[in-house]
Structures are given as structure tokens and as C-alpha cells.
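Hi everyone, thanks for coming. I'd like to walk you through one structure today, so please have a look at it on the screen.

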Amino acid sequence: MLMHLHVKNFALIEEADMEFGAGLNILTGETGAGKSILIDAVNLALGGKAGANVIRSGAEYAYIELVFQVEEEEKLRQLQDMDIETEDGVLILSRKILKGRSVFRINDMTVTAAKVRRITGMLIDIHGQHEHQSLLYKYKHLEILDAYAGQEIVPVKEKLADAYSSYVQLSRRLQSFSLEEEVRLREVDFLRFEINEITSACLKEGEEEDLEQIFKKIANSRSIMESMGIVRDALGYDSSASAGESVSRAVREIQSVQKYDDSVRHIASQIQDLEAILSDINRDVAAYMESLSFDQETYEEVRDRLDLIRSLQAKYGRDYSQIMESLREKQERLRELENYEENRSRTQKACETAKKQVLCLCEQLSVLRRKAAVPLVRAIISSLQELNFLQVSFDMHFERSGQFGSNGFDDAEFVISTNPGQPMQPLGDVASGGELSRIMLAVKSVLADTDQIPTLIFDEIDTGISGRTAACVSEKLSLIGQTHQVLCITHLPQIASMADNHFMIAKDIVDQKTCTTISHLEEEDSVRELARLLGGVQITDAVLQNARELKAAKVQMLHRHS
């Protein structure tokens, strides 16, 4: 259940809080006061698309927070499966909208909009102002049926989706077996050339790096020799200023001192160690210089090998592993072309088998849908009768479409007749706007009982209705409110009179700025708001009495249905 809504800097709302309760929560107010802005705010918090004008003028960001109380064990388990922990069943969802980006949080954990939609889809369902128009499209009818069927058809739909994906892949592969013989032979020759080019190179992993080191050394051998000569002269014994000669002289001198004072023994030992180290270094330098020579033949071999490797990289991949992967693909394609007819026949058989499996699953899905359609139609008829469709005929017609896909091959739609003796026709051909609103309300009430979504929001479900029909709709909403939390924006006093919690939305001028304010109405204030809806600007005693009678009618209605 939605417990609390907090909105800040959103459209005309500077800051507002609403504490919702169980049952039917009604929102009323003058046209243009901003009632639908609140529904827009909830939609955005649930992951809807934010336009450029949602941030209140002069503010840096908009902020929306929803607080849910989750009591159902199954929903708590589903939340845990999605790594969402609640504290005593409380789930706090927020969205901060800045210019160019948004931040979603659930219980202070940053999440994606997609995850928000998955989570809140279990908790709340919003019926927008124009959603009833979606009933004009047949695809929506199939969605409603599948939602009603629920878990009964989910395994089959999942299998069908996988089977259809495999079939599509096989179909695409089969289409690739459409080469003319001349084209096939030309491709075979080219593949053999490419395979031979790669295999004859006898590439080795890490070879390029080793060759680059050798090439760098040979190409710079003259500079290396010059530098090593300087090192040898600096550390050797050829000059009195060189390190080797200087250290040798130091050894001789310290030994002469040691004859007279044995306390310098440790100094003599250190200098002798230094002489030994220098001697080792000079031997290593000399050995390195003897091994270093400029070999033109080796240089050219290394250069040519590197050129070959890099030309292969330019054609087949940037490194050894990619070239080898390209080789495997070409070898596989060559085997396929060399056994062209056999592979085509095998793929064709696999494709036919996959198609049969898809069609079998489509048939299974269709059977389950037709089975589920019977209680769905029965439930919708019952709900429509409660909404003043007194002699309605309603059904769902199935046809097999000329194609199949991951959603099966069913072409299904709702048909209706609201007048006795008239044949049933598609909804879009016979239903008016007000009738579509009531039909959608009937559908929503049936689905709500099936999927157990605890909170339903209706934005002006009363479009195009009045009189007795409005009274029937108000009773229906009130009855839904006995088992679900309902939030409803309305202009009709008949519906507003059924409120368990009544809120009034108003537009005021504060500090020369237009603001939308929200007030929770107590009993007498609710009566006055009903009177405004009934009588307009002038509220007389008779209008107030009529408003109180509407309130009393709610008690009588609940008593009848208890």
C-alpha cells in the first residue's frame, strides 16, 4: 500500500505531502488546479520519462518520494530475490530529477529506472486519463488476457520465446545457403588463399614482442656500442681517472695504512669489495660488447618477419589471438562450402524441426489462452453489469493470424454488444469514450483481483459518464477499495462521496508565484467540497443537504454489499 507521497519543486508544486490510507482515496479540485500533476509525479517516481519542464521554475531540481508498506509475504520474497531489503515491510522509493539526469533510490540504494519499474510493477498500477483508448487496439486485448492467465501460460511463453529465437537463427543461416555455384567456388578459392596465407606464416604467440626487442637492439647497435664504450672507459682500468684504476689505487694505499693501524681493517674490506664489484662489472661490460655486433642479414630477416606479421594483423586481427580466431572462422566457412549441399540439407531439416516446435508451442499457448478467456470474459461481464451495462453481451474472438512469432499466432480481440438484439462487434467500432472508460475499469478490477496489486490509481476514470452510470462507477470503486487501496481523481460528486480519505487540490498565488496546494478534508470539509461539485459557485443549504445525502448513500451501499 502507498502510505506517503512527498513532492518538492515539481511543476507547480513547491512542496507537498500526502498521507494516504486504506480504501478509496479521492482527489478533487477545480479544473486546472493540478490534480493530474500528482499522478504525473507518481508516474515519474515509478520510472516514467521526465520532460524538460518538470522542475519548478527557479529550482535546481525536483524531488519525489513514495513510501510503501509491503505486507504480503510473496511480495517480500520477490523483493529479496531482487536484492531489496525492507525494514518492517517499509520500502522508500525516491527520484531526484536534475537538468539532464535523474537519480533513483530504493531505501537509500541507487538503482536503475528499469529495476524501479520491475519492483513497483508488483505494488501499483496507474490508469492514465487516456489509457482506456488502448482498448481500441487488438494487441492490448491479448496483453490483458495474458495478464489474467498469469503463471499458467508463463512457462509456455518462455519456451516459445526460446524456440522462436532458435528458429530465426536457423532461418537466417538457411538463407545464407543461396549462393550460385560460380560465386560459391570463387569464395572457396579465396578462403583457401587466406587460410594458406595465415597457416604458412607459422605464427607463434608472443613472437611479435620478441622480434620487436631484437629489431630494436640491432637497429640501435651503433648507439649501444658507443654508450657501452663510455661505460667501459668510466669503470675500467685504461685511464688513471677511471673508476677501476682509482679503486685499485685506493686498495693499495689502505693496505699500506693497515700495516701500521689494524683498526682500518673494515674500511679496507669495504674498498676491496668495491674493487671486486667493479671487476665483475667490467668483465660483464666487455662480454656484452664482444657479443654485440651489427648483422645486416639478421636485421633484414627480423624486419621482413615483422612486416609479414603486421600485414596479417591488418587483414585478420590486431593480435595473435584474433588472427587465430579469424583462421578458425574461415576454416569453418570453408568446410561449410565444401560440403555445401549436405550442410544446406541439414540446416533445412533443423529449420523445419524448429518451425514445428514453434508451431506446437503456439498451439499450446493458444489452447491455454482460449481456456483462460472463458473465466476472464465471465468476470468482465459481471463487472460490466455492476457498472450499469445491464444487458451487455461480451466475448473474446480468436483467429489464427497469417504469421507466428515469439508471442504465438493468436489474433484475438474483445467484442461487445450493449443493446439487446444487436450483434457483438469490436470494441472500437461500437463503444463510446464513456463506455471505454467503464470497460477499462471493469478490466482493471478483474486483473487487480488476479495479480493482487495492492494499489490502483485512476486518473479521471469518470470521463464521459454521469447520472445512474456515475453512481454505478462510484459503487464499483468503493467495492474495489474494500480489498485494494484506490487513488482516484474525479470531477463527479457521486464518486467523491465514496471517499474513505478525501483530498482537495487547489491553485493559489503565493509571493506572486502560482502554487498547487493539497489539503486532507475532514468530514464537514468533505461535505462542502461535494456541495461545490454539485452546485458550483453558489452553495445553498439544499446543496449541502444533497451532499450529506450522498455521503449517507455510501453507508447504505456498503450495508447492501456486506
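Predicted model: local features only at pLDDT ≥ 70, side-chain atom pairs only at ≥ 80, totals over all residues.

Residues are numbered from 1 along each chain as its sequence is written, and side-chain values use heavy atoms, with hydrogens and water left out.

Let's begin with strand 3, residues 24-29. When I say helix or strand, I mean DSSP runs numbered from the N terminus: H or I with at least four residues for helices, E with at least two for strands. Is strand 3 mostly covered or uncovered? It is mostly covered, with 6 of its 6 residues buried. Buried here is under 20% relative accessible area, exposed is over 50%, and partly exposed is in between, using a 1.4 Å probe and protein chains only. In a regular strand the side chains alternate between the two faces of the sheet. In strand 3, Leu24, Ile26 and Thr28 point one way, Asn25, Leu27 and Gly29 point the other way, and all are buried.

Which strand does strand 3 join? Strand 13, residues 485-489, running parallel to it and linked by 4 bridges. For two strands to count as paired, DSSP has to find at least two bridges between them. Ile26 sits opposite Cys488 of strand 13.

Keep an eye on Cys488, please. Setting aside neighbours within four places in sequence, Cys488 contacts Leu24, Asn25, Ile26, Leu27, Phe458, Ile461, Leu477 and Ile495. Contact means heavy atoms within 4.5 Å. Cys488 also turns up in the largest nonpolar core, which has 69 residues; Leu384, Leu477 and Cys488 have the most contacts inside it. Helix 13, residues 340-386, gives the largest share of this core, 12 residues. There is also a second, separate core of 47 residues, including Ile39, Ile55, Ile84 and Ile457. A nonpolar core, by the way, is a set of buried Ala, Val, Leu, Ile, Met, Phe, Trp, Tyr and Cys residues joined through side-chain atoms within 4.5 Å.

On to the spaces. We work on a 1 Å grid over the protein atoms alone: a cavity is a set of points where a 1.4 Å probe fits but cannot get out, a pocket is an open set with protein on both sides within 12 Å along at least five of seven lines, and lining residues have an atom within 4 Å of a point. Points are joined across faces, edges and corners, and volume is the space filled by probe spheres set on them.

How many cavities of 30 Å³ or more are there? The count is 1, and the largest cavity has a volume of about 40 Å³. Its lining is made up of Leu5, Met18, Phe20, Leu27, Leu38, Ile39, Val42, Ile457 and Leu487. Helix 1, residues 35-45, supplies the largest share of that lining, 3 residues. By class, the lining has 9 nonpolar, no polar and no charged residues. For these classes, Ala, Val, Leu, Ile, Met, Phe, Trp, Tyr, Cys and Pro are nonpolar, Asp, Glu, Lys and Arg are charged, and the others, Gly among them, are polar.

The second largest pocket holds about 230 Å³ of space. It has 13 lining residues, and the closest to its centre are Met1, Glu71, Glu72, Pro454 and Thr483. Here the lining divides into 3 nonpolar, 8 polar and 2 charged residues.

Back to strands for a moment. Strand 4, residues 61-69, pairs antiparallel with strand 1, residues 2-10, over 6 bridges, and His6 has Glu65 as its bridge partner. Strand 4 also pairs antiparallel with strand 5, residues 90-98, over 9 bridges, where Ile64 stands opposite Arg95.

Finally, two residues. Ile13 is in strand 2, residues 13-19, and counts as buried at 0% relative accessibility. Ile13 and Cys515 are 502 residues apart in sequence, yet their C-alpha atoms are 5.6 Å apart. Gln385 belongs to helix 13 and is partly exposed, with a relative accessible area of 39%. Beyond four places in sequence, Gln385 touches Leu390 and Val392.
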